[in-house]
Amino acid sequence: AKILIQDTLGLSRNDQFIDRPLSQRNFQREGFGQKLWGEHYRAVYAQQERVPLLWLPDFPGGLTPRRATSGYTTRNLELLSGSGEAYELRSLDKEAERVIPYPFNNSVLTRVIEDNFSAIHPMASLPLPHLQKAADIPHTQPSLRFLPQQEILGRFNRAFGDQLYLMEEYPSNNQYLYRDSLGAWVYLKSLDMLGQLVQYPH
């Protein structure tokens, strides 16, 4: 899917919201193309949403960028608050070339996989906390944010500024989340958890 929007916005800290399509990519297909590739959530990705702006100094406790992290298909930025709490921004648009080895990461295969991202609802994680709370499962509280370019981003401005993200608390062993009555004493990353399951299957 080709990039439809590549703009630098003249936003100021007086601005609190922006109207923005959920994806910068054009997932739309018509007629036979849609029958062949599937309807998916193409229309959802194209719809406009009013999204809160994330000005890092104005966030409670203030936020500073700590490091860029890498998801399997997303561009992530870790943020640290003045009180030591960590947060992570995860790009709403996924990047197929992250999971395809060279030299195939710049081929038609990339476009095929990229198109299949439209089968995933872009905001699927937002209702999850309600389900997790009902099941008494510790959880984060993701929210949709637009990160404008801003001075405090420094060297991360170009790669991360003026984009849509899902923002959530970054779990750590000294930062308890919305755990309700169920205590979680250790937080493991997905790969670490899978390794534990392999090592101790019972």
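Colleague: Before we start, what pLDDT do local features need?
Modeller: This is a predicted model, so side-chain atom pairs count only at pLDDT 80 or more, totals for chains, interfaces and linings use all residues, and local features need pLDDT of at least 70. Residues are numbered from 1 along each chain as its sequence is written, and side-chain values use heavy atoms, with hydrogens and water left out.

Colleague: How many bridges pair strand E3 with strand E4?
Modeller: Strands here are DSSP runs of at least two residues (E), helices runs of at least four (H or I), numbered from the N terminus. A hairpin joins E3 to E4 through four residues, and Thr69 has Asn76 as its bridge partner in E4. Two strands pair if DSSP finds at least two bridges between them. E3 (residues 63–70) and E4 (residues 75–81) pair in the antiparallel sense, and the number of bridges is seven.

Colleague: Which side chain does the side chain of Thr74 make a polar contact with?
Modeller: Thr74 sits in the loop between E3 and E4. Thr74 is buried at 4% relative accessible area (buried is under 20%, exposed over 50%, partly exposed in between, with a 1.4 Å probe and protein chains only). A polar contact is a pair of N or O atoms within 3.5 Å; within protein, one must be able to donate a hydrogen and the other to accept it, and residues adjacent in sequence count only if both atoms are side-chain atoms. At 2.8 Å, the partner is Asn76.

Colleague: How many residues apart in sequence are the parts that Arg75 and Glu95 tie together?
Modeller: Their side chains meet in a salt bridge of 2.8 Å, N to O (a side-chain nitrogen of Lys or Arg within 4 Å of a carboxyl oxygen of Asp or Glu). Arg75 is partly exposed at 23%, while Glu95 is buried at 11%. Because Arg75 lies in strand E4 and Glu95 in the loop between E5 and H3, the separation is 20 residues.

Colleague: Is Glu78 buried or exposed?
Modeller: The side chains of Glu78 and Arg67 meet in a salt bridge of 2.8 Å, N to O. Glu78 is in strand E4 and Arg67 in strand E3, 11 residues apart. Arg67 is partly exposed at 38%. With a relative accessible area of 1%, Glu78 is buried.

Colleague: Which helix holds Met193?
Modeller: Met193 is partly exposed, with a relative accessible area of 36%. The helix is H6 (residues 190–199).
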